[in-house]
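Reader: I would like to go through a structure with you. Could you begin with the terms and then take my questions in turn?

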Amino acid sequence: MTITVAVSNSALFSPAVPKPPAAPGGHITISRKKCLKKLETGGGGARINAWVDSMRASSPTHKSAATLSENEDQNSWILHHPSALSMFEQITNASKGKQIVIFLDYDGTLSPIVEDPDQAFMTNEMRDAVRDVAKYFPTAIVTGRCRDKVYSFVRLSELYYAGSHGMDIKGPAKGRQYKKGNHEAVLFQPATEFLPMIDEVYKALMEKTKSIPGAKVENNKFCVSVHFRCVDEKRWTALAELVKSVINDYPKLRLTQGRKVLEVRPSIKWDKGKALEFLLESLGYANSNDVLPIYIGDDRSDEDAFKVLRNRGQGFGVLVSKGPKETNASYSLQEPLEVMNFLQRLVEWKKSLLSRY
Ligand SMILES: O=P(O)(O)OC[C@H]1O[C@H](O[C@H]2O[C@H](CO)[C@@H](O)[C@H](O)[C@H]2O)[C@H](O)[C@@H](O)[C@@H]1O
């Protein structure tokens, strides 16, 4: 049996773009800090400039050779957000008597960032690592992508999938569940009433962005992504203005920013953090102390989940990043390869633990 959970949308509306979380130690570069400040406060033109500035600041073409202070930044970053690999023992020690639950973002976490979003494949080795980890720990993919699309990349039926930034959650097929509580399959879609609107906006954006070479619009079912990665930087402002002009007609939608992408989303109080809480609850771990959630992600939208873990004082957020970024994560991993190594180590550790009994 499948339970579809209906949630009143009035309870979910959020008034504005959420504030970026505060840096635990303030360890980010000044230019990024300025951009984030503008993102927080700007309206109209200021906000468009902030999006574009922020994309530029995080673009490798704008990074000069490392200066002394950049090296200091890097050292301080590692000090405050040590590698999850080097902290492996501390992480497993913290899991004593608790069920580890794994949450994985997709792009930039399980697959490398590539120019064409349709080609963001994960390696077979990574798939094996995720399959193995899911044998021992409940595992969920939490992504901005459309759920069907991410499933076509991951192809593992034993996982939970939360697509469209958590607005489309589905549990594993029957018989592949880990739940200690009730045993119904899960399907949760809190933004279904937005489907016609999102579809309309997708079509309008497809039409309008035709004039901008390299712009790509991706339909993520409950959200739409407008990609800047292959657009000449000189045209980023024009593209951002164009996207904003379309969205202006839809006050029930909001824009957020990811890695060279603007994302159109319903203005409901639902994000990857809420999805994490929902999944823990469906697994039977609501308000429970016997769980240790580990969330691994690379993008700004993952911060909502890191923040939830920090506020609950439970589990660990792990940011995939090579350099300093403002984050609520506790630990870091540099790239998808390290994510794979971390998952493999978890499996080896669990196997050796089980072999002792
Ligand atoms: O939550 P995620 O799984 O990280 O999804 C966020 C967005 O990821 C994808 O875009 C990003 O990856 C692309 C492929 O590597 C890259 O070309 C793009 O520049 C990145 O922003 C996806 O295409 C978007 O729809 C997601 O919203």
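Author: Domain bounds here come from an automatic or database domain assignment. The model is predicted: local features need pLDDT of at least 70, side-chain atom pairs count only at pLDDT 80 or more, and totals for chains, interfaces and linings use all residues. Residues are numbered from 1 along each chain as its sequence is written.

Reader: Which domains supply the shell around the ligand?

Author: At least three residues come from each of domain 1 (2–6 + 25–59 + 193–266) and domain 2 (78–190 + 270–355).

Reader: How many residues surround the ligand, and which are the closest?

Author: The ligand is surrounded by 24 residues, and the closest are Asp107, Pro117, Thr143, Gly144 and Ser225. A residue is near a molecule if its C-beta atom, placed from the backbone, lies within 6 Å of it. The elements giving two or more residues to this shell are β8 (224–227) and β10 (261–266). Helices (H or I, at least four residues) and strands (E, at least two) are DSSP runs, numbered from the N terminus.

Reader: Changing topic, how many helices and strands does the protein have, and what percentage of its residues is buried?

Author: The protein has eleven helices and 13 strands. Of its 357 residues, 41% are buried. A residue is buried if 20 or more other C-beta atoms lie within 10 Å of its own, exposed if 12 or fewer, and partly exposed in between, with C-beta atoms placed from the backbone.

Reader: Which residues of α8 are buried?

Author: They are Trp236, Leu239, Ala240, Val243 and Val246. These residues lie on the same side of α8, because they cover an arc of only 125 degrees around the axis. The arc is that of the directions from the helix axis to the C-beta atoms. Among the elements covering the buried residues of α8 are α2 (45–57), α7 (195–208) and β9 (253–258); two residues are in contact if their C-beta atoms, placed from the backbone, lie within 7 Å.

Reader: And what about the span of α8?

Author: Helix α8 (residues 236–247) has twelve residues and should span 16 Å at 1.5 Å a residue; its end C-alpha atoms are 17 Å apart, which agrees. The expected span is 1.5 Å times one less than the number of residues.

Reader: Which residues of α11 are buried, and which exposed ones does the opposite face carry?

Author: The buried residues of α11 are Pro336, Val339, Met340, Phe342, Leu343 and Leu346. They are on the same side of α11, because their arc around the axis is only 160 degrees. The face turned away from that buried side carries the exposed residues Glu348, Lys351, Ser352 and Ser355. The buried residues of α11 pack against α5 (124–136), β11 (291–297), β12 (316–320) and β13 (331–333).

Reader: Which residue has a positive phi near 55 degrees, and where does it lie?

Author: Arg155, which is not a glycine, has that phi. Arg155 is in the loop between α6 (147–154) and β4 (160–163).

Reader: Why does Arg155 count as exposed?

Author: Arg155 is exposed because 12 other C-beta atoms lie within 10 Å.

Reader: What of Asn287?

Author: Asn287 has a positive phi of about 50 degrees although it is not a glycine. Asn287 sits in the loop between α9 (272–282) and β11. Asn287 counts as exposed because it has 7 C-beta neighbours inside 10 Å.
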